[in-house]
Every structure is written in structure tokens, then in C-alpha cells.
Amino acid sequence: MTREDILAAASLIWDKQNWTELQGDRLVRLANLVAFRERERCAKLVESLAKQYSEPIWAVELVNDIRAIQ
């Protein structure tokens with residue numbers, strides 16, 4: 001998500017006009033951290049599921065793709 005996407009989504013809940021720039025920056029950092037942790041959780045799930053296969057090359061590629069998302 002871009003900064004604008006995050007702020008637009010948040011404005012559906014909060015009154016954006018009363019935000020300071022610092023609050024907006026903190027919200028963006030929080031959203032990015034949540035997204036990073038969720039991607040890492042997905043990558044670990046794929047790694048865990050891949051252990052049941054003898055040659056999970058596809059899983060390594062998928063995990064690398066998930067972790068490469070910015």
C-alpha cells in the first residue's frame with residue numbers, strides 16, 4: 001500500500017482533517033510494520049507446509065517472492 005492508500009483507508013475511520021503530519025507518518029509506519037509481519041507469517045506458513053514434500057523448490061521461490069514484496 002502506498003502512503004496515500006493507507007491515509008485514505010484510515011480517513012474512513014478517523015477525521016483526517018485533525019491529523020498532524022507526525023500522526024500520519026506514525027500511521028504509515030504502523031501499517032507497513034503490520035504488512036511486513038503478515039508477509040513474514042505467510043512465508044513461514046509456506047515453509048512449514050513445504051516440509052512435507054521431498055523437493056519443495058516451488059516453495060523456496062514462493063517464499064522468496066513473498067519476502068521480496070515491498
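# Close-up views of a predicted helical model

A search of the whole structure finds five salt bridges. A salt bridge is counted when a side-chain nitrogen of Lys or Arg lies within 4 Å of a carboxyl oxygen of Asp or Glu. This is a predicted model, in which local features need pLDDT of at least 70 and side-chain atom pairs count only at pLDDT 80 or more, while totals for chains, interfaces and linings use all residues. Residues are numbered from 1 along each chain as its sequence is written, and side-chain values use heavy atoms, with hydrogens and water left out.

**View 1. Arg3 and Asp25 meet in a salt bridge.** The N to O distance between the two side chains is 2.7 Å. Arg3 sits in helix α1 and Asp25 in helix α2. The pair links distant parts of the chain, 22 residues apart. Helices here are DSSP runs (H or I, at least four residues), numbered from the N terminus. Arg3 is partly exposed, at 27% relative accessibility. Asp25 is also partly exposed, at 30%. The cut-offs are these: buried is under 20% relative accessible area, exposed is over 50%, and partly exposed is in between (1.4 Å probe, protein chains only).

**View 2. Glu40, Lys44, Glu47 and Arg67 are linked in a network of salt bridges.** Side chains of opposite charge can pair when their charged atoms come close. Lys44 and Glu40 meet at 3.7 Å, N to O. They are four residues apart in helix α2, so about one helical turn separates them. Glu40 also meets Arg67, at 2.8 Å, N to O. Glu40 lies in helix α2 and Arg67 in helix α3, so this pair ties together parts that are 27 residues apart in sequence. How accessible is Glu40, buried or exposed? Glu40 is buried, with a relative accessible area of 19%.

**View 3. The largest pocket has a volume of about 270 Å³.** Rolling a probe the size of a water molecule over the atoms shows where empty space is left. On a 1 Å grid over the protein atoms alone, a pocket is an open set of points where a 1.4 Å probe fits, with protein on both sides within 12 Å along at least five of seven lines. The volume is the space filled by probe spheres set on the points, which are joined across faces, edges and corners. Thirteen residues line this pocket; a lining residue has an atom within 4 Å of a point. Asn32, Ala35, Phe36, Arg39 and Gln70 lie nearest the centre. Helices α2 (21–50) and α3 (57–68) each give two or more residues to the lining. Which element gives the most? Helix α2 does, with seven residues. The lining divides into eight nonpolar, two polar and three charged residues. Here Ala, Val, Leu, Ile, Met, Phe, Trp, Tyr, Cys and Pro count as nonpolar, Asp, Glu, Lys and Arg as charged, and the others, Gly among them, as polar.

**View 4. Leu12, Ile13 and Trp14 make a nonpolar surface patch.** The patch covers about 410 Å². Such a patch joins nonpolar side chains (Val, Leu, Ile, Met, Phe, Trp, Tyr) within 5 Å, from residues with over 30% relative accessible area and no salt bridge. Areas come from the Shrake-Rupley method with a 1.4 Å probe. Leu12 lies in the loop between α1 (3–11) and α2. Leu12 is exposed, with a relative accessible area of 75%.

**View 5. Helix α2 holds Glu21, Gln23 and Val28.** Glu21 is exposed, at 53% relative accessibility. Gln23 is partly exposed, at 42%. Val28, by contrast, is buried, at 10%. From Gln23 to Leu33, ten residues on in sequence, the C-alpha atoms are 15 Å apart. Val28 and Val46 are 18 residues apart in sequence, and their C-alpha atoms are 27 Å apart.

**View 6. Tyr53 is found in the loop between α2 and α3.** Tyr53 is partly exposed, at 45% relative accessibility. How far is Tyr53 from Leu22, C-alpha to C-alpha, and how many residues apart are they along the chain? The separation is 48 Å, over 31 residues. Glu21 and Ile57 are 36 residues apart in sequence, with 45 Å between their C-alpha atoms.

Methods. Patch = residues over 30% accessible without salt bridge, like charges linked within 9 Å, V, L, I, M, F, W, Y side chains within 5 Å.
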